[in-house]
Amino acid sequence: MTELVEQIEDDFEMESVADEVEAVEADDTEDEEDSEGVVISIAGEPPAPEDDEEVRAPEWVRDLRKNYREEKRRAKDLEQKLARLETQAPGVAPLGPKPTLEKADYDTDRYEKELANWYDKKRQHDDREVSVKSEQQAVQREWERKLEGYQSAKAGLKVRDFEFAEDVVQDNLSVMQQGMIVQGADNAALVVYALGKNPKKAKELASITDPVKFAFAVAKLETQLKISTRKAQVSPERKISGTGRPSGAVDSTLDRLRADAEKTGDYSKVFQYKKQKQKA
């Protein structure tokens with residue numbers, strides 16, 4: 001009977017140790033993930049630290065914030081598309097109605113001249129329409145290429161709080177300014193992240209309303225960016241311990257509880273005692 005109890009206790013202890021090993025490995029994996037990424041400073045000024053409360057929030061809170069950011073981003077994308085349409089090449093002027101004999105007061109010579117002129121204008125109108133459409137498609141393709149590069153560079157940074165930094169930029173810079181960064185910066189994702197981690201600099205840049213001065217300011221800022229690898233934090237070595245006794249050690253309390261349990265058949269106090277020792 002005693003051997004059976006000891007076997008059960010040993011199995012209980014092995015499960016507890018396995019759980020502890022799994023917890024330690026999970027913590028180590030999380031520490032490795034936290035150590036990845038880069039730190040970007042502007043002109044030697046260190047960025048704001050990551051907001052652990054935001055990053056480690058409960059899953060339902062993160063989902064809520066993610067949905068909010070996506071809704072806000074969709075609104076911003078719509079604003080950006082409208083802004084680009086306004087800055088694209090001007091549309092083609094309307095051709096005007098086709099001449100009619102009635103409008104020419106039934107003067108056939110006048111009607112034929114007006115009709116010939118109208119067809120000449122129509123050819124020019126059609127050519128211009130094709131040219132404008134081609135220009136707009138080229139602008140759209142270039143914009144999509146820039147966006148793809150931005151998304152790729154964004155993923156390559158391997159930082160957990162990029163979306164939070166992106167929110168800071170979207171809240172401070174106009175849609176036009178954001179588009180200029182994506183279009184003109186060598187590494188737009190790097191610029192956005194640096195500005196998002198330095199709200200003061202983002203507000204300073206947002207105050208530049210002249211497009212030419214803004215473009216020069218972004219170019220200058222990009223030369224001031226310094227990238228360094230995030231240093232992994234060395235966690236103290238964690239020891240895994242079971243509740244078993246060292247060889248030769250005597251635990252009088254455990255022996256007493258075992259003796260009582262053998263009499264009553266109730267071993268709950270034995271397991272409870274061993275659990276308490278494990279937590280201690």
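Guide: In this predicted model, helix 4, which covers residues 108-156, packs with helix 7 at an angle of about 60°, and their axes are 7 Å apart. An angle of that kind makes helix 4 oblique to helix 7. On the side of helix 4 the contact is made by Tyr150, Ala153 and Lys154, while helix 7 brings Ala188, Ala189 and Val192. Sorted by class, the contact between helix 4 and helix 7 has five nonpolar residues and one charged residue, with no polar ones.

Phenylalanine 162 belongs to helix 5 (residues 162-172) and tyrosine 193 to helix 7 (residues 188-196), so their pairing ties together parts that lie 31 residues apart in sequence. Both phenylalanine 162 and tyrosine 193 are buried.

Alanine 194 is also found in helix 7, and its relative accessible area is 2%, so alanine 194 counts as buried. Between alanine 194 and phenylalanine 162 there are 9.6 Å in space, C-alpha to C-alpha, although the two are 32 residues apart in sequence. If the neighbours within four places in sequence are left aside, alanine 194 is in contact with Ile40, Ile42 and Leu225.

For the aromatic rings elsewhere, a search of the whole structure finds three aromatic pairs. One of them joins tryptophan 118 and tyrosine 119 in an edge-to-face arrangement, with 5.1 Å from centre to centre and 75° between the planes. Tryptophan 118 has a relative accessibility of 12% and so counts as buried, whereas tyrosine 119, with a relative accessible area of 35%, is partly exposed.

A word on confidence belongs with this picture. The average pLDDT of the chain is 76, and 62% of the residues score at least 70. Over residues 26-35 the pLDDT stays under 50, and for that stretch the model has eight contacts beyond four places in sequence. Where pLDDT is low, the predicted coordinates should not be read in detail.

How values were computed: Residues are numbered from 1 along each chain as its sequence is written. This is a predicted model: local features need pLDDT of at least 70, side-chain atom pairs count only at pLDDT 80 or more; totals for chains, interfaces and linings use all residues. Side-chain values use heavy atoms; hydrogens and water are left out. Rings of Phe, Tyr and Trp (its six-membered ring) pair if their centres lie within 6.5 Å; planes under 30 degrees apart count as stacked, over 60 as edge-to-face and the rest as tilted. Buried means under 20% relative accessible area, exposed over 50%, partly exposed in between (1.4 Å probe, protein chains only). Helices (H or I, at least four residues) and strands (E, at least two) are DSSP runs, numbered from the N terminus. Axes are lines fitted to C-alpha atoms, for helices over the stretch in contact, and angles run from 0 to 180 degrees between N-to-C directions. Angles under 35 degrees count as roughly parallel, over 145 as roughly antiparallel, 65 to 115 as roughly perpendicular and the rest as oblique. Contact means heavy atoms within 4.5 Å. Ala, Val, Leu, Ile, Met, Phe, Trp, Tyr, Cys and Pro count as nonpolar, Asp, Glu, Lys and Arg as charged, and the others, Gly among them, as polar. pLDDT is the predictor's confidence in each residue, from 0 to 100.
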